[in-house]
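Look at how the two chains meet before reading on. The report takes the interface and then the nonpolar cores.

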Amino acid sequence: MNDQSLLEWLEKAALGDESAFQQVYEATHQDVYRTVAFLVSNKQDIEDIVNEVYMHMWRSYHKYDPSRPFRYWLHGITVRKVQDWKRKSWRRIRLFERNRQMTCEPFAWTDQAVLRSELQLELFGIVRQLSYKLRVVVILRYFHDYALEEIADLLQIPVGTVKSRHHLALRELRARFEMTGGDVYVHG
Amino acid sequence: MSMDKELREEFRQAAESMHVPPQLSERVRSSYQKYVNEKRGNTPMKKRMLAGIAAVAILIPSTALAATYLADDIFGSSSIIKQHGGSQEDYEAIEGFLLTAKGKLTEAEFKEYAELTKQLVQLKLKITDEKGVVHEEKLTKEEKQRFEQLSSKLAPYFEKISGNAKP
């Protein structure tokens with residue numbers, strides 16, 4: 001589906017046309033879900049955020065700038081919704097002192113539930129251990145193929161910051177990859 | 001393989017192996033329906049509000065002259081409207097509209113119409129400042145309901161008056 005027809009569906013959906021809603025959902029849900037799932041660990045949280053992304057889409061379709069690719073707009077919303085969620089979850093932590101629980105959470109991300117477990121994705125596994133700030137840059141760069149300038153715009157941070165995070169992320173990935181690579185070699 | 005390529009490849013594989021839970025589509029759909037219902041639910045109320053505002057606003061453009069003021073019954077006197085950003089001309093215009101109304105409606109209808117208009121105008125004046133700017137947020141919840149009620153009661157009269165004016 002091209003951007004033009006997607007926008008038309010979106011507009012109809014926002015005005016209450018349910019079949020248009022179905023079209024938009026079909027065309028976008030995998031992309032949204034995967035992006036969120038790469039950024040957030042908990043399955044329930046992923047679904048909450050995806051739901052939020054769609055609610056935002058209906059409410060703000062009129063803000064979409066047709067001179068830019070649709071997916072760019074969509075990814076902007078997705079990243080912002082994930083960040084909103086993170087802010088809220090930090091507040092929750094402070095309120096209920098769930099600190100310990102939260103530090104365990106990245107590993108509670110069940111490969112079995114979201115990802116087929118037989119896949120041997122070493123680098124991907126390491127990406128998941130990066131801090132959120134580094135991870136989001138890596139995902140936008142290597143999963144969505146955005147230029148560093150575009151990433152800066154999507155995350156609303158300076159390009160210089162994106163560059164240094166990108167650099168840091170790669171360095172960390174490389175270091176950890178070499179470590180596990182050696183490990184695999186020894187045990188393999 | 002370079003790390004760039006490897007990363008892209010692993011992301012692709014990881015993405016492809018992910019299955020969006022089927023129950024998610026139901027959830028997104030039900031929030032969507034909620035969104036649509038809210039949107040629809042709002043519309044009639046907005047329409048009534050607009051009809052009310054239009055009813056009062058259209059009072060202004062029609063013109064006529066009158067020696068005795070029907071409008072005095074509604075506003076008290078022309079000085080009231082002047083305190084809310086209106087002019088003597090506006091007052092004359094409203095008077096003109098009221099005269100038209102008197103001509104088009106039966107006596108009983110006009111009496112009812114004038115009474116409802118009076119109440120609506122009281123609310124309207126309450127939220128209009130001296131520059132003529134309307135602050136709807138000044139209405140309490142009850143007043144807002146009353147406002148809508150009055151507007152919808154007035155709507156049929158209003159149609160009768162302005163509708164017949166343009167045969």
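What follows describes the interface and the cores in turn.

## Basis

This is a predicted model, in which local features need pLDDT of at least 70 and side-chain atom pairs count only at pLDDT 80 or more, while totals for chains, interfaces and linings use all residues. Residues are numbered from 1 along each chain as its sequence is written, chains are lettered from A and ligands numbered from 1 in the order in which they are written, and side-chain values use heavy atoms, without hydrogens and water.

## Interface

Chain B places 30 residues in contact (heavy atoms within 4.5 Å) with 43 residues of chain A. About 3600 Å² is buried between the chains, counted as accessible area (1.4 Å probe) lost on being put together, summed over both. Carbon and sulfur atoms give 63% of this area. B:Phe11, B:Met18 and B:Tyr32 supply 21% of what chain B buries against chain A, more than any other three residues.

Across the interface there are 4 salt bridges, each a side-chain nitrogen of Lys or Arg within 4 Å of a carboxyl oxygen of Asp or Glu. A:Arg59 and B:Glu38 meet in a salt bridge at 3.6 Å, N to O.

## Cores

A nonpolar core is a set of buried (under 20% relative accessible area, 1.4 Å probe, protein chains only) Ala, Val, Leu, Ile, Met, Phe, Trp, Tyr and Cys residues joined through side-chain atoms within 4.5 Å. The largest has 71 residues, and those with the most contacts inside it include A:Leu173, B:Leu7 and B:Phe11. Apart from this core lies another of 27 residues, among them B:Leu70 and B:Tyr157.

Beyond its neighbours within four places in sequence, A:Leu173 contacts residues including A:Leu123, B:Met3 and B:Leu7.

Notes:
Buried area is the accessible area (1.4 Å probe) that two parts lose on being put together, summed over both. Buried means under 20% relative accessible area, exposed over 50%, partly exposed in between (1.4 Å probe, protein chains only).
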